[in-house]
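Student: Could we go through this model together, question by question? I would like to see how each answer is reached.

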Amino acid sequence: MERFGAIGFGSVLLVYLMSGASALLHTAKTHSVCKSCGPQPANCKSYQCLANCSVSEVCPSPDDVCAAVWWRNNGMVTVQTKCHNPKQLLKGVMMDNYNSSDCVLTIRNTDPHNLRLCACTGRECNERMLLNEVDDKIMSASDTASGPFKLSQLCKFCDIELTECNATGVCNSSCTVSSICEKPNEVCVSAWRRNNGRATIETVCHNPAVPFRGQYLTDYNNSVCQMKQVKGMEDDFYICSCSQEECNDKLFFTDAPSGPGDFRKDPPLVLLITVVPALIAVVVLLSTFYCYRVFRQQSLKAPKTKGIDIETCAIMSDDDRSDSSSANANSLNHNTELLPIQLDIIVGKGRFAEVYRAKLKQGTTDESFQMVAVKIFPYEEYASWKTEWEIFSDAELRHENVLQFLTAEDRKAERRYWLITAYHERGNLQEFLTQHVIGWDELCRLGGSLARGVAHLHADRTPCGRAKVPIVHRDLKSVNVLVKSDLSCCLCDFGLSLRLDNSMSPEELANSGQVGTARYMAPEVLESRMDLENIESFKQADVYSMSLVLWEITSRCSAIGDVREYEPPFGKLKDHLCVESMKDDVIRDRLRPEIPTSWTNHMGIQLLSSTIEECWDHDPEARLTAQCVVERFGEISSAVIPPVSSDTKSTQDSGNDEK
Ligand code: ADE
């Protein structure tokens, strides 16, 4: 009886607790977590698009749902993801269908081909957008006016890109952009051409009723892209067209395409004539290349190969190197014809130059272009332009964490010098940290890639073991670091950099005294007491500056607990810090940026803080090398295995936009 009494009381308590909890759940509405990225290219395939957005946001209002704005321009699909209050208009449209966990794109605009919207409820449900098939049919029908519904083709669409393909055998386009063609009657087209020794592949959608590059497409019903040489052209020119998903990716310069069901000739004969010689050639080439590399590595007596980036080695093979170094070493665009570049907006202003976002025209139309950055120096700043150009001209500097250099131009008519580089729309690290709180994963990504960039700059070998001239940056700061779309960093602004080759005389070294930005200057630089005869001391000064940037990144990481507003090292942004006041702080008072006690609550941050402290040691000799910091990042990130819940925390925080 007593037992029943206890059970009865227990059940009542349980029911009471449960009803209390459900009441709580009903009253305290949770905030959605959504992908939140500005416009960026999306990956689309078979009626679904992925936003490629690595930033998540805890929505500001509990009413918010996740939303995506999708548009297509000139075959390129762009997507913007965000939190959205469904009681408000999104692009002038009231979103009513937001309860689904799928973000189903629907056409809601007077320009049906180019703008679609979706909203959904569920964690990061706007990461994947579904193209509503009904809408696609409506769209297709409206394009063709009458006749059967036809869905638009999915094709590779990169416009014109340089290629290594030499119009033999089977080539891949190497185009990473897939696009649903704008019109359902368009087919996939690829064109290969060689002009002045430069080979390019063009991948597009095209309506076969209209000539393409002056040629009518006759093979567009093929399921594979069978290249045909166009005779009578000035350039070496091949075209193919086809009507299968992404069929313009694989390009057959042989007579016999190996597409499914498309053997139009006797298959065994075809195999014998094309595939077997190609295979033999590949085997011979590979073994020659392998022997050559083994021989070369031995002769270089390359140090330990641990950490060699096989991919980089593949890209920067010796053959490539001789190509690219000759291209780079003489990388002034000597053509009387300057690159077809249209300046857009200004994105940065430095000591000697201004940086513009710009459009590099790719084809014959105005719509196809590649975004680039152009750094413009007035004629008076010839020396700075030349220094930076010379630094960039070293092909061995190429690295994923160093800004990619394209070319230099002497724009005589405008009395300006240009440096043309890759463009990174997230801007510099200082701007990024001002606007974003990051999670632990992003901290490791940003910090690790920064250290890899500096280590590569300082190294006397490439990751493949080739000899390289060590370079010191001498003005490392968060403004001179760019954030790439995958949230890794690359170093930029080499206007004060030095190549530490043996050709530098002691006088030249001695004259290369105190340069940089006072806030980031190492104590020995502030004091002008650097050992200028020892090239290591230049690297040690860079490591000091890098440690301040690592501190800036860490200070914006949510893993430390409450995150303060972004502040640069040693005080407010607007404060101008001169060498004399920095000397008081950094040398007399041995001051360094604060590492609050809360940073010890997270094992990874604690380990990273010690690394940072070892990098800003007063004694330059005691500092870690950049390569050592790279290795520390490896150890720290593998030592910190995020618990299941910490993943949630970091993604939530990483999107905490404070703009
Ligand atoms: N600011 C300076 N250089 C830049 C670049 N290459 N891309 C974007 N912003 C920049």
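Student: Which side chain meets Asp589 in a salt bridge?

Tutor: Happy to start there, with two notes on the ground rules. This is a predicted model, where local features need pLDDT of at least 70, side-chain atom pairs count only at pLDDT 80 or more, and totals for chains, interfaces and linings use all residues. Residues are numbered from 1 along each chain as its sequence is written, and side-chain values use heavy atoms, with hydrogens and water left out. A salt bridge here is a side-chain nitrogen of Lys or Arg within 4 Å of a carboxyl oxygen of Asp or Glu; Asp589 has such a pairing at 3.0 Å, N to O, and its partner is Arg588.

Student: Is Arg588 buried or exposed?

Tutor: The classes are these: buried is under 20% relative accessible area, exposed is over 50%, and partly exposed is in between, with a 1.4 Å probe and protein chains only. Asp589 has 40% and so is partly exposed. Arg588 has a relative accessible area of 58%, so the class is exposed.

Student: In which helix do Glu580 and Lys583 both lie?

Tutor: Their closest N and O atoms are 3.4 Å apart, in a salt bridge. Glu580 counts as partly exposed because its relative accessibility is 49%, and Lys583 is partly exposed because its relative accessible area is 25%. The two are three residues apart, about one turn of the helix, and that helix is H12 (residues 579-588).

Student: What surrounds the ligand, and how much of its area does the protein bury?

Tutor: The shell (residues with a heavy atom within 4 Å) consists of Val347, Val355, Ala373, Leu403, Thr421, Ala422, Tyr423, His424 and Leu482. Taken alone, the ligand exposes 260 Å², by the Shrake-Rupley method with a 1.4 Å probe, where for residues only the protein chains shown count as cover. Of that area, the protein buries 88%.

Student: How many charged residues does the shell around the ligand have?

Tutor: Ala, Val, Leu, Ile, Met, Phe, Trp, Tyr, Cys and Pro count as nonpolar, Asp, Glu, Lys and Arg as charged, and the others, Gly among them, as polar. On that basis the shell has seven nonpolar and two polar residues.

Student: How far from a nitrogen atom of the ligand is a polar backbone atom of His424?

Tutor: A polar contact is a pair of N or O atoms within 3.5 Å; within protein, one must be able to donate a hydrogen and the other to accept it, and residues adjacent in sequence count only if both atoms are side-chain atoms. Ala422 has a backbone N or O atom 2.9 Å from a nitrogen atom of the ligand. For His424, the distance from its polar backbone atom to a ligand nitrogen is 2.9 Å.

Student: Which backbone oxygen does the side chain of Ser32 reach?

Tutor: Ser32 is in the loop between helix H1 (2-27) and strand E1 (33-35). Ser32 is buried because its relative accessibility is 14%. At 3.0 Å, its side chain reaches the backbone oxygen of Asp64.

Student: What is the phi of Glu124?

Tutor: Most residues other than glycine have a negative phi. Glu124 lies in the loop between strand E11 (115-120) and strand E12 (128-131), and is buried because its relative accessibility is 15%. Its phi is positive, near 50°.

Definitions and conventions: Helix = DSSP H or I, 4+ residues; strand = E, 2+ residues; numbered from the N terminus.
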